[in-house]
Amino acid sequence: MESFVAKDKTIKGKKEQQICAILPSDDQLTGRAGLSVFALYLRNIGLFPIIDRLFGTVRKNGKGLAVTEMFVQILRFFMDGTSRHLNWFDHLAADDAYAGLLGTGRLASSHAVKRFIGAISFCRIYLFRRLLQDVFLWRLKHTRPEVIMLGIDTTVLDNDDAEKRHGVQPTYKKVKGFQPLQMNWGRYVVDAVFRGGKKHSNHGNTVNEMLVHMVRKIRNAYREEVPIIVRMDAGFFDDEVFKTCEQLQIGYLCGGKQYSNVLDEVADAVDWQSFKKVETDSKSWMYTEFMSRQKKWKKERRTIFSTLWEEDGQYLLQGICRDSVIITNMGMGEKIDEQLAKIGREDLLDAGKLLGLYHERGTDELTNRALKTFGHEQLPFKRFTANSAWHYLMVLGNNLFEAFKEDVTEAVIPVSAYADTFRRRFIDTAGKLVRHAGKLVMKVNKVDYVRLKFDQLYEKCRVGLPRLE
């Protein structure tokens, strides 16, 4: 009798290709092979002598980790990005492979990190600003720009979940947290003042002091006649800030406010021109310029008024257009005009060009986003001074990460990549540490070795790196 039972046509997999168990290994394995290149970079750019000079006296006992080693391990902690909690240091201290990645024989525990941060007194916090400025001048001398474009802004660090944390206060974003003032140059934060959440953009005299200090540093360390332009939003709309910029002979582009006298000038304006960004043709603006003066000002200032009138091919109705006001001293016969003329950049004095430069202020906001992606908003300590030190270390780590992308990994990963993408594509590479002929060697998968050009990156970190002076 024929059997009508259907045959089992399931494809049988080979048993030798299937995982049948997971077992521990005594081999030194790691999933963060890319950290070894970053750690090597930190050790070869001349950073340690500066750290030792500024913070060497924080170390009170010779039995503890050297201050430079503590810096490397904290910066590596930020670069790793696996956890924002300090107890993650304890987990890493139990991993021998991590010590090999960093080129150190001893890893810090969470308690050691807390003691180190706690030993940094409030009067030493300004030393972090000096360190940030040294890194900025190092990149400035390396890239040698013709025009230095700076941005000043605040960023909110959301610590709304903190039950008790010194300095956490309500912010304009309706969350409790901190609101540091930051000056940036491209993707780098070149100076910062860590502040409580209720400190508004132009609180006190901090902005004026920051401008004076940074401009003098640039003039002395880089070039006396280099044109410097500062971009600010309407939170810094202040005659005192404008006068400081004019006394320093730098240009400024500041968001203005739509006071009645400004709107009266706009209503009478007849010379309107169109503006469209080069990188996009979906939006168009109309702009006009005139001179305006507020009640307490002693002089009139150049004012550019713009309105978005076309978006995605559709004209916007009057009354719902997005209007903006820009106050500037450029194109008014001041020293900044002469400096730009000397390098053949008089085009930057045109109202349309100035409008385009101000629109690029959005890239300054991206710097804040990149910083939060690299680090974290929630700060781990209860005391304001400790959180301040931790924040400065995070900013320093982000600046060195940006420099690392430019100096080492540009050929394999775009410089514009955010930290999350960089970690996924480079840092999170599997590796194995082995000892051979008395040397420690890291082995990676051949596919990753070729794709990321580990041999070339390693050589770059050994020779030819620009060094901090």
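1. In this predicted model, the axes of helix H3 (residues 67-80) and helix H14 (residues 384-409) come within 9 Å and cross at roughly 75°. Angles of 65 to 115 degrees count as roughly perpendicular, and H3 and H14 are therefore roughly perpendicular to each other.

2. On the H3 side, this contact is made by Phe71, Ile74, Leu75, Phe77, Phe78 and Met79, while H14 contributes Trp390, Leu393, Met394, Leu396, Gly397, Leu400 and Phe401. Sorted by class, the residues where H3 meets H14 comprise twelve nonpolar and one polar, with no charged residue among them.

3. Turning to the open spaces, the largest pocket holds about 550 Å³, and its lining consists of 19 residues, with Ser36, Leu440, Val441, Met442 and Tyr458 lying nearest the centre. At least two lining residues of the largest pocket come from each of helix H1 (34-43), helix H5 (96-102), strand S16 (439-444) and helix H17 (454-462). The lining of this largest pocket is made up of 13 nonpolar, three polar and three charged residues.

4. By class, the lining of the second largest pocket divides into ten nonpolar, three polar and five charged residues.

Notes
Residues numbered from 1 in each chain as written. Predicted model: local features only at pLDDT ≥ 70, side-chain atom pairs only at ≥ 80, totals over all residues. Heavy atoms only, no water. Axes fitted to C-alpha atoms, helices over the stretch in contact; angles between N-to-C directions. Helix = DSSP H or I, 4+ residues; strand = E, 2+ residues; numbered from the N terminus. Parallel < 35°, antiparallel > 145°, perpendicular 65-115°, else oblique. Contact = heavy atoms within 4.5 Å. Nonpolar A, V, L, I, M, F, W, Y, C, P; charged D, E, K, R; others polar. 1 Å grid on protein atoms, 1.4 Å probe; cavity = no way out; pocket = protein on both sides within 12 Å on 5 of 7 lines; lining within 4 Å. Points joined across faces, edges and corners; volume = space filled by probe spheres on them.
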